[in-house]
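Me: I'm new to this structure. Could you take a close look at the spaces inside it for me?

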Amino acid sequence: MTQHFPTRQLRFFLTAPSPCPYLPERYERKVFAHLPLSDGATVNDSLTQVGFRRSQNIAYRPACEACSACVSARIPAADYLFSRSERKVLARNDDIERHLVEAEATMEQFDLLRRYLLTRHADGGMAEMTWPDYVAMVEDTAVRTHIIEYRLKSADGGPGDLIACALVDLMSDGLSLVYSFYDPTMKRRSLGSFVILDHVVQACLTNMPYVYLGYWVRGSEKMDYKVRFSPIELLKAEGWSLMSTRDLRPKDEPPVL
């Protein structure tokens, strides 16, 4: 059962409560709208800047009645200071080739996604994703989007082994990481962090102000990695705010003296 809220351009709908995938014993609701085919990119830009995320041709954001743990996060690329450990991650993956390709699903990508999901998110909602589901996730869109494929260099000059992918929206003010996945056996490479750091580098090279990371969920171990990147901005009631380590510390955690 959903209800809609008519506006001049979009019709917004509200989902029924369902179990929260991030915090136990809580329920989530989302408000969403279908992106128009004619100017979907412009509308997606505007909605992302006020806290929405894109999934195929739908833009959504949390609308939970008793919880506000989900907060939109973005990295200000030009001001980013790479830590010593982050520079090591970039150096460790210096042998990887990045390829920007059209948003067209391939079986090679899907095989990598399946291995990633079954290893890292076997109990998540995406674990049962089928090939048609993946095709829809990648190709059912009216916005400016592409895939970055990360491959090992091959000895014969041909395409190397695919070890990571990122589905990325190109926005007017930055890059939005819609979804990324990688080879779960290559733990030493820290590929999840590498994909984000690489997009910070690419945003700087192309004078893009921000890299959008989606939602940080306070109290969720699955999402804590997002606030390990610093500086980071979170979307609060008064707008985007640059956050300090103290702001991001769990409320019951004592300060370090």
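Reply: Here is a walk through the cavities and one of the pockets.

This is a predicted model, where local features need pLDDT of at least 70 and side-chain atom pairs count only at pLDDT 80 or more, while totals for chains, interfaces and linings use all residues. Residues are numbered from 1 along each chain as its sequence is written, and side-chain values use heavy atoms, with hydrogens and water left out.

Searching the whole structure turns up 3 cavities of 30 Å³ or more. (On a 1 Å grid over the protein atoms alone, a cavity is a set of points where a 1.4 Å probe fits but cannot get out; a pocket is an open set with protein on both sides within 12 Å along at least five of seven lines; lining residues have an atom within 4 Å of a point.)

The largest cavity has a volume of about 50 Å³. Its lining includes Cys-20, Cys-64, Cys-67 and Cys-70, along with Arg-26 and Glu-28.

The second largest cavity comes in at about 40 Å³. Among the residues around it are Phe-52, Arg-53, Tyr-212 and Trp-240. The elements giving two or more residues to that lining are β8 (70-76) and β13 (210-217); strands here are DSSP runs (E, at least two residues), numbered from the N terminus.

Now for the second largest pocket, with a volume of about 450 Å³. Its lining has 20 residues, and Ser-68, Ala-69, Cys-70, Val-71 and Leu-235 lie nearest its centre. β7 (58-62), β8, β13 and β14 (232-236) each give two or more residues to this lining.

Definitions and conventions:
Points joined across faces, edges and corners; volume = space filled by probe spheres on them. Helix = DSSP H or I, 4+ residues; strand = E, 2+ residues; numbered from the N terminus.
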